[in-house]
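Me: Please take a close look at a single part of this model. Then set that part in the context of the whole chain.

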Amino acid sequence: MDKTITVVGSGVAYAMPDTAVVNGEIVGTVADYSEAVRSSAEAITTIRKSIGEAGFDMDDLRTTSFSVDTVYRNGSSGTVEFSGYRYMHGISISTDADGESLGRLLQALTSCEQAPEFRVSYVVRDPSGPMREARLAAVKDAKHRARELAAAADVKLGDIVSISYASSPGSISPRARMVSTMSVDSVPKDAEFRDSVTIQWEII
């Protein structure tokens, strides 16, 4: 029976986020269903115009969700009464992570009559570079662990028998935070990318 040792190596790499993603919702309640649909469409049109005037591409504003729901309230006599129709239009738009660009975008969004509630998160536009670094680090980690185990067991490593790698998205953990000021001077935390690899060696 061939003697082998199998080790799982893990690697991590970091990269400064270069893109700010603004996700938001436009919410309102009106008495009529068709008015809810119309109000939502008008709000989106106004926002597109505002970001266009601020120098952004209006087509970059994307819809992430849309819904119209009935709303009820408790009446004075304890009964449930119809209150209207609540619409929610989810939107998303990205820009460079620098404070000046993000500040102009947030100013454009919040200057509208029906300004959306929003959240800002920071991401890396192209994660292929840091993911490659994480994979290389995982291989080095596997080699280091295998040598340590072989030395502790008083054996020697031979040739590599197999390498098993299942590609998976990097574990990204940049700072995600609410932003409520137009002078955006926050510095996003580095995004963290993790990967792993399984390597089997012959023992001699």
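Reply: A helix is a DSSP run of H or I with at least four residues, a strand is a run of E with at least two, and numbering starts at the N terminus. Helix 1 covers residues 33-53, and it is the part to look at.

The model is predicted, so local features need pLDDT of at least 70 and side-chain atom pairs need 80 or more, while totals for chains, interfaces and linings use all residues. Residues are numbered from 1 along each chain as its sequence is written, and side-chain values use heavy atoms, without hydrogens or water.

Start with the surface. Val 37 sits in helix 1. Val 37 is partly exposed because its relative accessibility is 34% (buried is under 20%, exposed over 50%, partly exposed in between, with a 1.4 Å probe and protein chains only). Tyr 33, Val 37 and Phe 66 together make a nonpolar surface patch of about 280 Å². Patch members have over 30% relative accessible area and no salt bridge; like charges are joined within 9 Å, and nonpolar side chains (Val, Leu, Ile, Met, Phe, Trp, Tyr) within 5 Å. Areas are Shrake-Rupley values with a 1.4 Å probe; for residues, only the protein chains shown count as cover.

Next, charge. Arg 38 and Glu 35 are both in helix 1, three residues apart, about one turn of the helix. Their side chains form a salt bridge, 2.5 Å from N to O (a side-chain nitrogen of Lys or Arg within 4 Å of a carboxyl oxygen of Asp or Glu). Arg 38 is partly exposed, because its relative accessibility is 39%. Glu 35, at 26%, is also partly exposed.

Now a buried position. Ser 39 belongs to helix 1. Its relative accessible area is 11%, so Ser 39 counts as buried. Leaving out residues up to four places away in sequence, Ser 39 touches Val 30, Tyr 87 and Gln 114 (contact means heavy atoms within 4.5 Å).

Then the packing partner. Helix 2 spans residues 99-110 and packs on helix 1 at about 145°, with the axes 8 Å apart. From helix 1, Ile 47, Ser 50 and Ile 51 make the contact; from helix 2, Leu 105, Ala 108 and Leu 109 do. Axes are lines fitted to C-alpha atoms, for helices over the stretch in contact, and angles between N-to-C directions run from 0 to 180 degrees.

Arg 104 is partly exposed, at 33%.

Other bridges include Glu 81 with Arg 73, at 3.8 Å between the closest N and O atoms. Asp 18, Asp 96 and Arg 125 are linked in a salt-bridge network. The count is nine salt bridges.

Finally, the whole chain. The protein has three helices and eight strands. From the N terminus the order is β-β-α-β-β-α-β-α-β-β-β. Of its 204 residues, 34% are buried. Among contacts with a separation of 6 or more, 79% join residues 24 or more positions apart. The accessible surface is about 12,100 Å², with 50% belonging to carbon and sulfur atoms.
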